[in-house]
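I opened my notebook for this one and wrote down what I looked up, entry by entry. Here is how it went.

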Amino acid sequence: MSTPLAGTRDHPNALWLQSSAQGNHHEHLRIGIMGGTFDPIHNGHLVAASEVAWVYDLDEVIFVPTGRPVFKLDKNVTDPEDRYLMTVIATSSNPRFTVSRVDIDRPGITYTIDTLRDIRREYPDAELFFITGADAIAEIMRWKDADKMWNLAHFVAVTRPGYSTDFTQLSVPQGTVDALEIPALAISSTDVRRRAGEGEPVRYLVPDGVVEYIYKHGLYRRPTDAEQTGEAPISEASILS
Ligand code: ATP
Ligand code: MG
């Protein structure tokens, strides 16, 4: 069963999809898939997606928030609906960015092979580009059915500061994984969560709407002792600054 994608071709307002990032027309749609936990989505994700869209002349980048990520089973992950909504908010101003629910609506653990198959079903003729961090690409070999993924999409490994970009050790088929250096943004969701938890500012690390969503829903908040005993109100000044 396929899940409709917000803002895609089937969408009534989708006239913008007529040409690619560089204004070209391709015989087949060129679609980027940006998978991630997006807990929360941050400007590093958005820059990476935008850069890959430009370099690979993509028509669209579909952000796919994971359901239960296989590599984070031991960690607390924010409710999928919150992560989905923050991803929608963060991408809403870019007509080339859309968000898919395929992973959060599929029960069980999220495996990339299932994401690729679901999107492929949705776009049988498109050329697919799976966008992933250089840190995550090293995990590829451990993904379920890794050997079957190479036929479904090209893989673009985006580098970010502080992570190794040496792919020569990986035994992936030649030509299936490209490395792309993107403008350096040393942002991680882990750091955003920590900052929000400690009341440090996160504005400009994540889009404004996401800052507001985090505050409004009290995500990542670690109440102080005084707040826990009800002696002090939780301050909104720091997180919104
Ligand atoms: P966490 O710290 O919780 O692991 P994250 O910042 O790595 O979060 P994910 O949702 O795990 O975010 O990332 C989704 C994808 O985006 C991954 O492939 C990751 O490598 C990549 N990515 C994350 N941050 C950046 C960044 N600053 N620049 C480029 N790519 C990034
Ligand atoms: Mg990560």
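I began with aspartate 114, which counts as buried because its relative accessibility is 16% (buried means under 20% relative accessible area, exposed over 50%, partly exposed in between, with a 1.4 Å probe and protein chains only). I found aspartate 114 in helix H4, residues 112-122; helices (H or I, at least four residues) and strands (E, at least two) are DSSP runs numbered from the N terminus.

Next I looked up its partners. Neighbours within four places in sequence aside, aspartate 114 is in contact with Arg106 and Lys144, contact meaning heavy atoms within 4.5 Å. I also noted 9.5 Å between the C-alpha atoms of aspartate 114 and aspartate 145, which sit 31 residues apart along the chain.

A note on sources: this is a predicted model, where local features need pLDDT of at least 70, side-chain atom pairs count only at pLDDT 80 or more, and totals for chains, interfaces and linings use all residues. Residues are numbered from 1 along each chain as its sequence is written, chains are lettered from A and ligands numbered from 1 in the order written, and side-chain values use heavy atoms, without hydrogens and water.

Then I turned to H7, residues 189-197, whose buried residues are Ser189, Val192, Ala196 and Gly197. They line one face of the helix, because they fall within an arc of 130° seen down the axis of H7; the arc is that of the directions from the helix axis to the C-beta atoms. Just after H7, I saw that glycine 199 takes a positive phi of about 75°.

Last, the whole chain: I noted 10 helices and 8 strands, and buried residues make up 46% of its 241 residues.
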